[in-house]
Amino acid sequence: MAYVVTENCIKCKYTDCVDVCPVDCFHEGPNFLVIDPGECIDCTLCVAECPANAIFAEDDVPVDQRQFIALNAELAKQWKVIVEKKAAPADADEWRDVKDKLRLLER
Ligand code: SF4
Ligand code: SF4
């Protein structure tokens, strides 16, 4: 199993999760982060750190978010590892609880 970043992270990207991950498995895209399922050791530390509640254990990903399991695996191969927290986008708080953000994902 692995942990999975879901839709609520899109356009928020607070990166609080990155600082606590012991194995550097977060990868960064233009407006979203993903977890490399091959690196995640299921430590659970990142879940509580995410202000957007975007991270779930693979088995607990909500039904309408299941596509993010494959998306994390796919994009982790394409995007570079991020190892340090950085400033969130200026409008991150405005996007935090907006639904249907998958169409806004930049690759
Ligand atoms: S803390 Fe949550 S919103 Fe921020 S980058 Fe990590 S998963 Fe995305
Ligand atoms: S569960 Fe642990 S190892 Fe997996 S992404 Fe979160 S902090 Fe990293």
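Buried denotes a relative accessible area under 20%, exposed one over 50%, and partly exposed a value in between (1.4 Å probe, protein chains only). The model is predicted: local features need pLDDT of at least 70, side-chain atom pairs count only at pLDDT 80 or more, and totals for chains, interfaces and linings use all residues. Residues are numbered from 1 along each chain as its sequence is written, and side-chain values use heavy atoms, with hydrogens and water left out.

View 1. Helices (H or I, at least four residues) and strands (E, at least two) are DSSP runs, numbered from the N terminus. A57 counts as buried because its relative accessibility is 8%. Beyond its neighbours within four places in sequence, A57 is in contact (heavy atoms within 4.5 Å) with M1, A2 and Y3. The C-alpha atoms of A57 and A2 lie 6.1 Å apart, although 55 residues separate the two in sequence.

**View 2. The largest nonpolar core, with 34 residues.** Such a core is a set of buried Ala, Val, Leu, Ile, Met, Phe, Trp, Tyr and Cys residues joined through side-chain atoms within 4.5 Å. V5, F26, F32, I35 and I55 touch the most other members. Elements giving two or more residues are β1 (3–5), α1 (16–20), β3 (33–35), β4 and α3 (67–78); α3 gives the most, with five.

**View 3. D42 in the loop between β3 and α2 (45–49).** D42 has a positive phi of about 60° although it is not a glycine. D42 is partly exposed, because its relative accessible area is 29%.

Technical notes. Chains are lettered from A and ligands numbered from 1 in the order in which they are written.
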